[in-house]
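Dear colleague,

I am handing over the structure below, and I would be grateful if you could look through it alongside the notes that follow.

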Amino acid sequence: MDYTFLHSTILQWFDNNQKVYPWRSEVPEPYHVLLSEYMLQQTQASRIALKFPEFLISFPTIETLSKATNAQMIIAWQGMGYNNRAIRLRDCAKQIMDTFNGNIPSNYSDLLSLPGIGTYTASAILSFAFKQNISVIDINIYRIYSRVFGLDIQDAKTKNEVRTIAEYIYPKDNSSSWHQALMDIGSSFCKAQNPKCTLCPIPDCSYRNNPSLYNMKPTKSKKTEASFRNKPNRIWRGKTIEFLRNDHQLGHNLHDVLHSILQQNPNEIDIEWFKESIIPSLIKDQLIEYNAENNHVSLKG
Ligand code: SF4
């Protein structure tokens with residue numbers, strides 16, 4: 001493979017076709033990159049792009065974010081799902097204020113010490129916010145490298161092979177544009193199902209040359225998810241938070257909350273399930289408070 005040609009093709013494509021997001025900029029603001037990476041964990045970029053400016057008005061700096069209450073975070077997080085990410089983000093901001101004088105760390109180990117930041121997010125912040133030379137592998141990039149090099153995603157060895165490829169393949173003077181270009185290519189063309197190879201700017205790809213050779217479906221370990229009334233508990237958790245978010249000041253009787261999320265009068269089994277499964281898990285994630293004496297549920301203040 002001609003890497004010089006590959007680099008120039010992809011970087012030029014990115015210059016002309018990159019997706020416009022409020023956190024992307026010639027001179028990136030590390031706080032904006034940090035926020036976006038938290039928000040993008042498990043939520044679509046198009047949805048985050050809509051919420052991002054509004055969130056920045058509420059929390060324009062890492063300092064303002066660090067002072068937010070749980071309830072303020074949960075309200076500001078509306079529409080982005082997985083509310084415990086909001087709490088982790090605030091905790092991360094607090095730790096940055098307390099430990100790093102309000103400066104987002106620009107090295108890998110300090111970033112990894114922050115709540116909610118794993119290896120992918122740390123690399124992405126170093127590459128996109130600080131323009132450091134580092135490889136970044138998210139699920140889109142993983143799929144692209146596997147397909148370009150004809151690796152079987154199902155094979156256990158592929159993980160290490162992709163890691164090795166990721167280290168040597170990116171242009172060492174432009175990690176940021178390279179990896180953001182691959183993310184855009186992944187979300188526009190190299191999708192898990194039915195990749196649009198005829199439109200993809202990557203010039204040489206094993207999968208395009210012979211799609212039948214490889215099994216390119218990512219393996220998903222099937223976790224059994226706790227459910228109730230044919231819906232996973234995570235949906236019921238989300239509905240509970242949504243209800244409280246819309247009227248968070250007052251607190252609500254547990255019976256009213258259940259009535260609202262079930263859309264019918266709860267029976268004893270419903271109440272028992274709610275008290276034993278949903279309430280404790282939301283308390284554990286610091287999202288709600290529950291007063292057993294008066295049966296009141298509210299967002300955590
Ligand atoms: S040519 Fe097809 S399989 Fe290869 S990277 Fe592009 S979209 Fe993915």
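**Domains and their contact**

The C-alpha centres of domain 1 and domain 2 lie 26 Å apart, the bounds of the domains being taken from an automatic or database domain assignment. Domain 1 covers residues 29-128 and domain 2 covers residues 227-299. Please keep in mind that this is a predicted model, in which local features need pLDDT of at least 70 and side-chain atom pairs count only at pLDDT 80 or more, while totals for chains, interfaces and linings use all residues. Residues are numbered from 1 along each chain as its sequence is written.

The contact between the two domains takes nine residues from domain 1 and eight residues from domain 2, where two residues are in contact if their C-beta atoms, placed from the backbone, lie within 7 Å. On the side of domain 1 that touches domain 2, α5 (70-76) and α6 (84-100) each supply at least two residues, and α5 gives the most, with four residues. Helices here are DSSP runs (H or I, at least four residues), numbered from the N terminus. By class, that side of domain 1 has four nonpolar, five polar and no charged residues; Ala, Val, Leu, Ile, Met, Phe, Trp, Tyr, Cys and Pro count as nonpolar, Asp, Glu, Lys and Arg as charged, and the others, Gly among them, as polar.

**Around the ligand**

There are 13 residues around the ligand, of which C190, P195, C197, C200 and C205 come nearest; a residue is near a molecule if its C-beta atom, placed from the backbone, lies within 6 Å of it. Both α9 (139-148) and α12 (206-209) supply at least two residues each to this shell, and the largest share, three residues, comes from α9. Sorted by class, the shell around the ligand holds ten nonpolar, no polar and three charged residues.

**Two residues with positive phi**

Y82, found in the loop between α5 and α6, has a phi near 45 degrees, which is a positive value in a residue other than glycine. Y82 is partly exposed, because 16 other C-beta atoms lie within 10 Å, and the scale calls a residue buried at 20 or more such atoms, exposed at 12 or fewer, and partly exposed in between, with C-beta atoms placed from the backbone. Q263 lies in the loop between α14 (254-262) and α15 (268-284), and its phi is near 60 degrees, again positive in a residue other than glycine. Q263 is exposed, with 7 other C-beta atoms within 10 Å.

With best wishes
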